[in-house]
Amino acid sequence: MPNPSAPRHNGKQLDPEVRKHNFEEVAQIFTKEEAMAEADRCLHCKNAHCQANCPVGVQIPDFIALLKEGKVGEAASKIMETSLLPAICGRVCPQEKHCEGNCILKDRFGSVNIGMLERYTADTARKEGLLKAPKTAAPTGKKVACIGSGPSSIAAAAELARAGHEVTVFEALHAFGGVLRYGIPSFRLPREVIDHEIETVKSMGVKFVTDVLIGATEKVADLLKQFDAVYVGSGAGLPTMTGIPGENAVGVYSANEFLTRVNLMQAYKFPETDTPIQVGKHVAVLGGGNSAMDAARCAMRLGPDSVTIAYRRSAAEMPARAAEVEHAKEEGVQFEYLVTPKEVLMDDKGRVTGLKCTRNQLGEPDERGRRRPVEIPGSEFVMPVDTIIVAIGQKPNPIIAKTTPELKTTERGVLALDEEGKTTLPGVYAGGDIIRGGATVLLAMKDGIEAARRINAYLKEGK
Amino acid sequence: MEENTILVKENLSDVVVKFVIYKPLVAASAKAGQFVILRGREGGERVPVTLVDWDKEKGTITIIIQAIGKSTSMFNSFKQGEKFLNIAGPLGTPVEIKNYGTVAVVGGGVGIAEVYPIARAFKEAGNRVIAVLGARTKSLLILEDEMKALCDKTVSTTDDGSYGMKGMVTDAIQKLHDEGEKINAGFIIGPIPMMKFTSRLMDKLGMEPHASLNPIMLDGTGMCGCCRVTVEGKVRFACVDGPMFPSKTIDFDELIRRTSEYRPQEAESLKLYEKDHVCKCGLH
C-alpha cells in the first residue's frame, strides 16, 4: 500500500560552508532507502496530473511503479520512451512548475519528489549498466542535420534517430551540450552527466561534429543540399546588456561570458586550464533569473568577500527557481531587491569601482502580471563593488537568420514559425530558444521532440 | 588526411611561425578579413587567429602565429604532422571589398601577414594597392617579397632603421601624402597603439581608415560579449560585427584597457609553461 502521508524526502545536500569552496554537485543522489520510501509515497493516480503537466509527457506513475519493484533499468527505459535525457531532466527541470507542482499530494503532504526519483533512476541504471538507449527503427535512408548540440537539438536528434533517420549534430564550440555545458554549472549538473547522456544518443547512431558554426563554416543552404531536412536548435546565444554608461569597464561581464569561462573553459582550475577569470572582492550580479543565480553561485566559489544579487523588483517577482534562490542564500549570496543600476563607476584605469543605483517601489502590474518597478526620486546610492555580472536575459543568436535570407524572423529576432511549427524555408524546422528567446531546458527539449515528429511526417509524406 | 593536421611549418623568425593546415570546410568558405579560433590541448583556451591564406582545392588554410603567451608558445612548438585540437571558422564578417580607387593596406608586425589577403582582394577588385609595412626591426619584417609582388607600391619601415625607412608606419603614410599620393581608404592591422595613431592620421588626411580589432574572445560566435568594443559611440561585438571596423571613432583606449585585463594571469601561465618546457626537453 502506498504511504502518501510519510514525509517527503528531499535528499541530502553538501554543507553550504563546504560547497561554496568547490564545484561538486550540491544535491546528493537518494540512497536506495530514500528512493524506495519516496517511491512508496506515489499513489499511481489513473489520470495523473504530474504526467499531464510534464512538457515531454514522461510516464511518471509507471516509472515509479517499476522503480518500486526494483526494476531500475526498466524504469529508466520507461522514462526514456518520451525523454532521452533523464539524468539531466531530473536535475535541471523546474519540477515545481510541472510535475511536482501538479501532484495530488502537493497541498496535503507535499508532492512526491519526482525530480529526485527520476535522477536516482537514471543515475542508478547507468551505474549498474542497465541503462539502454531506445531501439531505432529500420534505416529510412533519409538524412537530417541538427544545428547546435543543446537540449533542444539533442532531443530532436534522438527522436529522429529512433525513427531510423541518419542524423548529424553540428556544434559550433569544441564541446557538446550547448547551454548545458557553457551555462549550467557543474554543481547543478556534473559534466560527466552531460557526457553520458550524449553517449547514449551517440549509441543510437547519431553523429556529433564540433567546430562547425552553421551560418559561417557552412550555410543552411549547404546543409539542405546534403540533408533531407534541417532542425535549427541554435539557442539564445546573444547576451542582453543594460546599456548604462560604463558597461565596458574592466570587470563587467555578461552572464554568458562569466558562465562560459567557468563552466565551458573551467577557468576556476586556472592555471591548470588556460582560460583565466577574475573576480574582485565585491561582486554584483544584475538580474533575478536562473542565470543570475548560477553566476552568483559560481562567483561565490571563486572566493570574493561578498556576492550580491541586485534585482529591480521584489523577491515575489523573481523568476529564478525557488530552490536555486534558497541554495544561493545558504551559500552566502546577498540580495538587494528593488534596485535599478544606473551607471558603472570606474577608476582612471577603467576598472570598476562601484555601481550607481536607484531604489524602486512596486507599481502597476505589467502585461505578464508582474508588478512594475517604479523609481523613487532622490534614492540614488552606490554599491561599492569591483566586479559586475550582467544577467538580465538573452536574445537569439542572429547568425543563422542573417545568413539564411529565406528564414523570416519576428520583431523579437526569433525565427518565425507557422501553425505547424515550420519555418519559412521548406524542410527547415526550429525549436528551443531560437524560437522562444530564452526559456527552459525542458521547453527546449519539448520543442525538439515535437519538431522531430513533424520532420518524421515530412520525410514520410514528402511535404 | 585528418582535419587540423599541420602540413607545413615554417619559422619566419625566432617567435613567428607560419602553419599550413588541412581544414577543408574553412578553406572552402574563407574570405579576406576572417579568422579562426584555435585550441591546442584539452583545457586549452580558445585563441582567435586571422586567416592569412586558404586554398579551396587543397583544402588548406594558412595562419601565422607570433609566440606571446602560453597558448601561442605551445602552438608554435607543434610539429609538422601534428594536429591542432580544435579549429573553428571562418569567423567574423569579411571585409567589404569594393573599388575605392587607391587603397592602402597597413600592417604592423604579424599584422603584415594578416592584411595580406585583404590587399589581394582589393587588388583583384581593381584597386591600386599601396602596402605600408612596419616592424620593430628587420628580422620581424615578414612577407615583404609577397607584398611587393602583389601591390603597386610597397613601403617598409623599421623602428630602429635596420631596414627600409627608419620610423613608424605613420611617418611613411605622411610621406606618401606629402609626395602627392591620393589614398581613398586604409585597412590597418597591427598592435593597438599603431592602429590608433594610424587611424587618426589617415582620418586627418581624408583616407577613410579601417582597423581590425583584436579584443579578448571566448566563443567567437557572438554568444558571450567578451569582445565588445565601442565604435561610433555604439557597443559592437568584434567577433561577429567585425573584426574590421571604420576606425576614426573607435575607442582604442578602452580596447587597450580591456585587452590588458588578464596580464598578470597571462604572465603566470607563460612562466609555468616555460618552466615545464625546460624540465621536459632540457633544451631551453
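In the predicted model, 40 residues of chain B are in contact (heavy atoms within 4.5 Å) with 41 residues of chain A. The area buried between the two chains, defined as the accessible area (1.4 Å probe) that two parts lose on being put together, summed over both, is about 3,400 Å², and carbon and sulfur atoms give 54% of it. On the side of chain B, M223(B), R228(B) and Y262(B) lose the most area to chain A, together 20% of what that side buries.

Two salt bridges, each a side-chain nitrogen of Lys or Arg within 4 Å of a carboxyl oxygen of Asp or Glu, are found across the interface of chain B and chain A. K70(B) pairs with D274(A) in a salt bridge whose closest N and O atoms are 2.8 Å apart. Strand β7(B) provides the largest share of the side of chain B that touches chain A, with six residues. By class, that side comprises 16 nonpolar, 12 polar and 12 charged residues, with Ala, Val, Leu, Ile, Met, Phe, Trp, Tyr, Cys and Pro counted as nonpolar, Asp, Glu, Lys and Arg as charged, and the others, Gly among them, as polar.

Within chain A, the domain assignment, which is automatic or from a database, gives domain 1 (16-128), domain 2 (143-237 + 396-461) and domain 3 (240-393). Domain 1 and domain 2 of chain A bury about 2,100 Å² between them, of which carbon and sulfur atoms give 72%. In domain 1 of chain A, L84(A), L85(A) and R126(A) lose the most area to domain 2. One salt bridge is found across this domain interface, and the side chains of R126(A) and E197(A) meet in a salt bridge at 3.8 Å, N to O.

Over all chains, the structure holds 48 salt bridges. In one of them, R321(A) meets E96(A) at 3.4 Å, N to O. R321(A) lies in the loop between β8 (306-310) and α14 (322-330) of chain A and E96(A) in the loop between α6 and α7 (114-127), so the pair ties together parts that are 225 residues apart in sequence. Helices (H or I, at least four residues) and strands (E, at least two) are DSSP runs, numbered from the N terminus.

Residues are numbered from 1 along each chain as its sequence is written, and chains are lettered from A and ligands numbered from 1 in the order in which they are written. Local features need pLDDT of at least 70 and side-chain atom pairs count only at pLDDT 80 or more, whereas totals for chains, interfaces and linings use all residues; side-chain values use heavy atoms, with hydrogens and water left out.
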